[in-house]
Amino acid sequence: MTTLRKSVIAIALCTLAASGSAWAQSAATDTSTYKPTVGQAGKDVVWVPTAQTLVDRILDMAKLTPEDKLVDLGSGDGRTVITAAKRGATARGIEFNPDMVAISKRAAAAEGVTARATFEQADIFQSDFSNATVVTLFLLPDLNVRLRPTLLAMKPGTRVVSNSFMMGDWQPDESSQVKEDCTNYCNAYKWIVPAQIEGAWKLGDKDVSFDQRYQKFEGSLRQGGQATPITEGSLDGTRIAFTAGSDKYAGEVNGNQIKGTINGQTAWTATRAAR
């Protein structure tokens, strides 16, 4: 999780160089002695290491558990993948630079986590990571936006955490900043992939229409000739909540069905009528 485009990070690179980064400013073609250089060119971006304190915060924000499958897109030197594996998760790094993949594998072996930390040399836009429950990335906004449709198509509840850069107009569910041992790119943003509810639903003898925008939505609840606006609509993965008139609806989305309660008391069920 360590790649950025050159034009954006010039100042950061100067700072890192002046501070005597732990990463040597030389590169070698021998993969056994290869050491990455801060700012070295990559396929779409240049490489900058993520502060370990931010790696830890990112995994905390993701609420990573040993049951999770994490994928790090542009895994760089592998530190996010290795840290996730040390927490017990199954972690996978996808990195275009084969030399970085090689040092990541060696680092995983040194940490004794090769059974849970794997790395592959591949293009993130050509890779299938749909089985991941946590996605981490340190890319630029335009690359994040290119990935956004793929991320939104993942299983609802998947956590996506980005180092420093946003997802266009998809607003994050949570943000955080670390100050300890981090001087550049110290912010993290988390999104939870929302269930897809856009379209028409039937709720008993009522017609429900949802107009979804990422994890927020509006709409209407119609009965007979009367329409009640839906307000305060929100999705937290599969969990749904909204207000219609004076009633507060809460529930769980499961494919083409939603079940929950109204005002915490009366049960309700909706089924999808049309997208």
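This is a predicted model: local features need pLDDT of at least 70, side-chain atom pairs count only at pLDDT 80 or more; totals for chains, interfaces and linings use all residues.
Me: How should I read the pairing of strands here, and how many bridges join β10 to β11?

Reply: Two strands count as paired if DSSP finds at least two bridges between them. In this model, 5 bridges join β10 (residues 199-203) to β11 (residues 206-213), and the two strands run antiparallel; within this pairing, tryptophan 201 stands opposite valine 208 in β11.

Me: With which strand does β11 pair over 7 bridges?

Reply: That strand is β12 (residues 216-223), which pairs with β11 in the antiparallel sense, and phenylalanine 217 in β12 is the bridge partner of glutamine 212.

Me: What should I look for in the turns, and which residue has a positive phi between β10 and β11?

Reply: Most residues other than glycine have a negative phi. The hairpin of β10 and β11 has 2 residues between its strands, and glycine 204 in the turn has a positive phi of about 60°. In the hairpin of β11 and β12, also with 2 residues between the strands, tyrosine 214 takes a positive phi near 60°.

Me: Where is lysine 63 found, and is lysine 63 buried or exposed?

Reply: Lysine 63, which is not a glycine, has a positive phi of about 55° and lies in the loop between α2 (52-61) and β3 (69-73). Because exposed means over 50% relative accessible area, lysine 63 counts as exposed at 56%.

Me: Is tyrosine 185 buried or exposed?

Reply: Tyrosine 185, in the loop between β8 (174-177) and β9 (187-192), has a positive phi near 55°. Since buried means under 20%, tyrosine 185 is buried, with a relative accessible area of 18%.

Terms used: Residues are numbered from 1 along each chain as its sequence is written. Side-chain values use heavy atoms; hydrogens and water are left out. Helices (H or I, at least four residues) and strands (E, at least two) are DSSP runs, numbered from the N terminus. Buried means under 20% relative accessible area, exposed over 50%, partly exposed in between (1.4 Å probe, protein chains only).
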